[in-house]
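Here is my note on the model you sent. Please read it with the structure open beside you.

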Amino acid sequence: MDIVIIPNINQILAIPHTMKKHLLILFLVVSAVTVSAQQNHKAFDSGEWFRFRIHYGLFTASYATLEIKDEKLNGMPVHHVVGTGKSSGFLSLFFKVEDYYETYMDKNKVKPYRFIRKINEGGHTKDIEINFDYQKEEALVFDKKHNTKSTFPIKSDIQDLMSSFYYLRNNIKTSSLKSGDEQFVNMFFDNENYRFKLKFLGREVLKTKMGKIACLKFRPYVQADRIFKEEESMTVWVSDDDNRMPVRIQADILVGSIKADLDAFKGLKHPFKIIID
């Protein structure tokens with residue numbers, strides 16, 4: 001089994017399984033990354049784009065996208081991350097989903113300044129904007145649906161729902177990971193502070209439309225609520241390379257199970273690895 005590294009390109013990658021080994025070996029890159037270097041690792045940059053195909057049982061329930069853009073917020077250069085999801089096909093006839101998320105993050109540190117959540121999930125709607133004031137250590141929450149504004153105390157290292165994902169991608173120290181290791185993030189979501197936990201389950205090779213990808217397998221501890229059955233309902237696989245991009249997400253929900261597979265991507269910061277047998 002060989003690990004082959006495909007150089008980063010600005011088109012959506014679709015790696016055919018029939019590519020010859022001797023051609024791909026030309027792209028093999030061997031590097032040694034120390035733990036201290038990983039602490040300053042940046043797994044992503046502006047221009048990164050992911051599309052996920054979301055399955056509900058035998059159906060393709062929806063597609064979702066994540067994109068990082070260069071923008072300015074109050075005159076400050078930021079990473080602007082936009083996430084969208086919309087139900088499609090047969091399932092959209094009886095369960096409509098339209099989700100829209102945004103976060104504006106510091107370009108050097110993964111530090112959120114503004115978070116937007118606008119969703120319609122089967123008639124359950126929210127329209128919320130959160131601005132983080134680090135001088136006052138407050139989150140300013142504007143509930144546009146109910147036209148209310150509130151403030152809540154936060155910690156200086158707070159993350160929002162989306163920035164947490166990028167923060168963890170940058171800060172996972174893969175060389176020292178052991179099964180059972182846990183990582184924690186202080187997260188503010190809607191109007192609540194809580195300590196988000198991520199547990200490392202081990203390494204696994206996944207078969208995907210791009211080929212076989214070596215992955216790190218994690219268990220995010222989610223809140224058991226109107227969607228998830230229990231805290232341990234979700235499993236996430238990210239690529240075991242410098243991108244740490246999401247490859248698969250699987251979750252048990254109250255009405256069955258869903259799976260999201262990476263369907264297409266572009267703009268990776270680092271070379272992408274596939275495994276050739």
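1. Which residue forms a salt bridge with R248? The partner is D261, and the closest N and O atoms are 2.6 Å apart. A salt bridge here is a side-chain nitrogen of Lys or Arg within 4 Å of a carboxyl oxygen of Asp or Glu. R248 sits in strand β14 (residues 246–253) and D261 in strand β15 (residues 256–266), so the pair ties together parts that are 13 residues apart in sequence. Both R248 and D261 are buried. Buried means under 20% relative accessible area, exposed means over 50%, and partly exposed lies in between (1.4 Å probe, protein chains only).

2. A word on the ground rules. This is a predicted model, where local features need pLDDT of at least 70, side-chain atom pairs count only at pLDDT 80 or more, and totals for chains, interfaces and linings use all residues. Residues are numbered from 1 along each chain as its sequence is written, and side-chain values use heavy atoms, with hydrogens and water left out.

3. Now strand β5 (residues 97–106). Strands are DSSP runs of E with at least two residues, numbered from the N terminus. Eight of the 10 residues in β5 are buried, so this strand is largely enclosed by the rest of the structure.

4. Look at the partners of β5. Strands pair if DSSP finds at least two bridges between them. Strand β4 (residues 76–87) pairs with β5 in the antiparallel sense, over nine bridges. In that pairing, V78 stands opposite D106 of β5. Strand β6 (residues 112–121) also runs antiparallel to β5, again joined by nine bridges. There, Y100 stands opposite K118 in β6. β5 and β6 form a hairpin, with five residues between them.

5. Back to charges. Side chains of opposite charge can pair when their charged atoms come close. The whole structure holds 16 salt bridges. One of them joins R117 to D190, with the closest N and O atoms 2.8 Å apart. R117 lies in strand β6 and D190 in the loop between β10 (182–189) and β11 (192–208), so the pair ties together parts that are 73 residues apart in sequence. R117 and D190 are both buried.

6. Compare another pair. K178 and D181 meet in a salt bridge at 4.0 Å, N to O. K178 has 52% relative accessibility, so this residue counts as exposed. D181 has a relative accessible area of 25%, which means partly exposed. Elsewhere, salt bridges link K42, D45 and K269 in a network.

7. Next, the nonpolar cores. A nonpolar core is a set of buried Ala, Val, Leu, Ile, Met, Phe, Trp, Tyr and Cys residues joined through side-chain atoms within 4.5 Å. The largest has 44 residues, and those touching the most other members are F50, I130, F132, Y166, F188, F265 and F272. A second, separate core has 14 residues, including L177, V185, M187 and L216.

8. Contact means heavy atoms within 4.5 Å. Setting aside neighbours within four places in sequence, I130 is in contact with Y113, R114, F115, A139, L140, V141, F188 and D190.

9. Last, is N186 buried or exposed? N186 has a relative accessible area of 18%, so this residue is buried. Its place is in strand β10. The N186 side chain makes a polar contact with the side chain of D157 (3.1 Å). A polar contact is a pair of N or O atoms within 3.5 Å; within protein, one must be able to donate a hydrogen and the other to accept it, and residues adjacent in sequence count only if both atoms are side-chain atoms.

Conventions
Helices (H or I, at least four residues) and strands (E, at least two) are DSSP runs, numbered from the N terminus.
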